[in-house]
Amino acid sequence: DQERSTKNFPKIKQLAKQIGSRLDEHQSVASRERFTADFGYGAYTIAHSPYFTIFRSDETDSSKYGLYIVYLIDPITDTVYLTLNQGASEAGNVASKSGTKLTKKEVLAAHAEFYREAIPIPDSWSVDSAELSKELRKSAEYNVGTICYVQYDLEALENHQQISDDLEVAC
């Protein structure tokens with residue numbers, strides 16, 4: 001589909017490169033093995049939910065389980081969310097094996113509330129679910145799985161220092 005060509009979303013590709021370089025800049029040599037990163041915005045067609053994930057090796061190496069940092073990009077509203085999120089597959093397993101009638105989204109929501117109470121969250125972060133457009137694939141799971149976030153306007157995301165500062169807090 002011509003409209004969804006990645007060529008029509010240069011800011012998203014630029015953002016992925018920018019986040020990657022900021023992650024490299026802020027990590028000390030000693031901590032490089034602690035973090036890994038992955039991104040997906042599409043090869044030829046823009047992904048429905050473009051993302052850039054950062055995994056801490058002592059927590060997880062996958063977005064399927066555990067806690068991880070993820071930039072969620074909404075190409076419909078040109079909004080970017082830097083979030084602390086949780087693995088939806090793990091929540092689905094808990095829901096199916098718990099013997100209750102809980103859904104994956106209910107487990108994600110309950111876990112998000114637990115983490116919001118259990119971990120210190122900086123005042124500059126919103127303690128709520130992200131608000132990715134509902135038309136985006138997996139947006140409901142990403143939204144309800146969000147523990148906290150910082151929101152950016154993609155078009156105004158020129159403040160490299162703010163990205164570095166927020167990423168430093170997240171890591």
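Predicted model: local features only at pLDDT ≥ 70, side-chain atom pairs only at ≥ 80, totals over all residues.
Where is Tyr65? Look at the loop between β2 (51-56) and β3. Now its contacts. Setting aside neighbours within four places in sequence, Tyr65 touches Thr60, Gly87 and Glu90. One more distance here. Tyr65 and Asn93 are 28 residues apart along the chain, and their C-alpha atoms are separated by 10.0 Å.

Next stop, Asp78. Follow β3 (67-74) to its end; Asp78 sits in the loop between β3 and β4 (79-86). What about its backbone? Asp78 is not a glycine, yet its phi is positive, at about 55°. Why point that out? Because most residues other than glycine have a negative phi. Asp78 also counts as partly exposed, because its relative accessibility is 26%.

Now step back to the whole chain. How many helices and strands are there? The chain has 5 helices and 5 strands. Read from the N terminus on, the order is α-β-β-β-β-α-α-α-β-α.

Burial next. The chain has 171 residues, and 44% of them count as buried. The chain exposes about 9500 Å². Carbon and sulfur atoms supply 49% of that area.

Last point, contacts along the sequence. Take the contacts between residues at least 6 apart in sequence: 56% of them join residues at least 24 apart.

Conventions: Residues numbered from 1 in each chain as written. Heavy atoms only, no water. Helix = DSSP H or I, 4+ residues; strand = E, 2+ residues; numbered from the N terminus. Buried < 20%, exposed > 50% of the residue type's maximum accessible area, 1.4 Å probe, protein only. Contact = heavy atoms within 4.5 Å. Areas by Shrake-Rupley, 256 points an atom, 1.4 Å probe, with all protein chains shown as cover.
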